[in-house]
Amino acid sequence: MVGDYRDIGPEDEYARARGGYPPAPPVQTEVNAGRLWAGGVAAAVVAALIGLVGILVARAVFQLAVLAPKQAGAFGDDNTTRLCVIAAVAALLATGLAHLLLVSTPSPLSYFGWIVGLLTVAAVVVPFLGAGSLPVRFAEAAIHLVIGMAIGGLVSNAAASASRLALRDPR
């Protein structure tokens with residue numbers, strides 16, 4: 001029967017898709033990798049410097065034997081270098097994680113924030129698992145907290161600056 005509702009195809013009589021709304025256009029995240037990784041390297045430098053300055057403040061200002069005996073001086077020993085290198089590597093790993101999340105997940109910066117936040121909490125708790133005086137443990141925990149906050153904030157901002165949503169070519 002002509003004009004019957006059953007002979008209308010996937011579109012209605014006005015060529016609109018059935019179901020109310022047209023399908024959403026395909027969207028993808030475009031990442032400027034150079035910009036993201038430049039920000040990640042800068043975050044690594046900042047994280048390493050936070051570790052160094054944190055050790056200097058704890059040892060020179062508060063006279064705490066953080067990561068080395070007091071006889072090691074204001075800069076401590078090779079444990080200070082180890083902390084700075086680990087902080088820099090953590091920032092680079094966070095940049096890699098941000099890059100991976102940007103190209104693979106919805107709401108990538110939300111997931112990034114949660115992951116970095118939980119890892120920062122774990123890093124803050126670690127000093128309390130070892131030996132040493134309570135003030136030294138608190139100083140180490142505070143240094144870890146500031147490093148984690150800096151990495152989270154700086155890499156997150158670099159990721160936001162280096163990415164944008166773009167319509168994907170439907171062809």
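**The loop between helix 1 and helix 2**

Select L67, which is found in the loop between helix 1 and helix 2. L67 has a positive phi of about 65°, although it is not a glycine. With 27% relative accessibility, L67 counts as partly exposed. The classes are buried, under 20% relative accessible area, exposed, over 50%, and partly exposed in between, with a 1.4 Å probe and protein chains only.

Q63 lies in the loop between helix 1 (33–61) and helix 2. Q63 is not a glycine, yet has a positive phi of about 55°. Its relative accessible area is 48%, so Q63 is partly exposed.

Before moving on, note that this is a predicted model, in which local features need pLDDT of at least 70 and side-chain atom pairs count only at pLDDT 80 or more, while totals for chains, interfaces and linings use all residues. Residues are numbered from 1 along each chain as its sequence is written, and side-chain values use heavy atoms, with hydrogens and water left out.

**The whole chain**

Zoom out. The chain has four helices and two strands, in the order β-α-α-α-α-β along the sequence. Of the 171 residues in the chain, 28% are buried.

**T80 in helix 2**

Select T80, in helix 2 (residues 78–104). Is T80 buried or exposed? T80 counts as buried, because its relative accessibility is 4%. Show its contacts, meaning heavy atoms within 4.5 Å. Not counting residues up to four places away in sequence, T80 touches L52, I55 and F75.

**Helix 2 against helix 4**

Now show helix 2 together with helix 4. They pack at an angle of about 35°, and their axes are 10 Å apart. Axes are lines fitted to C-alpha atoms, for helices over the stretch in contact, and angles run from 0 to 180 degrees between N-to-C directions. The crossing of helix 2 and helix 4 is right-handed. A crossing is right-handed if the near helix is turned clockwise from the far one by less than a right angle, and left-handed if anticlockwise.

Colour the residues that meet: on helix 2 they include L83, A87 and L102, and on helix 4 they include I143, I147 and I151. The residues of this contact divide into 12 nonpolar, two polar and no charged. Ala, Val, Leu, Ile, Met, Phe, Trp, Tyr, Cys and Pro count as nonpolar, Asp, Glu, Lys and Arg as charged, and the others, Gly among them, as polar.

**F128 in the next loop**

Finish at F128, in the loop between helix 3 and helix 4. F128 counts as partly exposed, at 30% relative accessibility. Leaving aside neighbours within four places in sequence, F128 is in contact with L134, R137, F138 and A141. Draw a distance between the C-alpha atoms of F128 and A141: they are separated by 7.9 Å, and the two residues are 13 residues apart along the chain.
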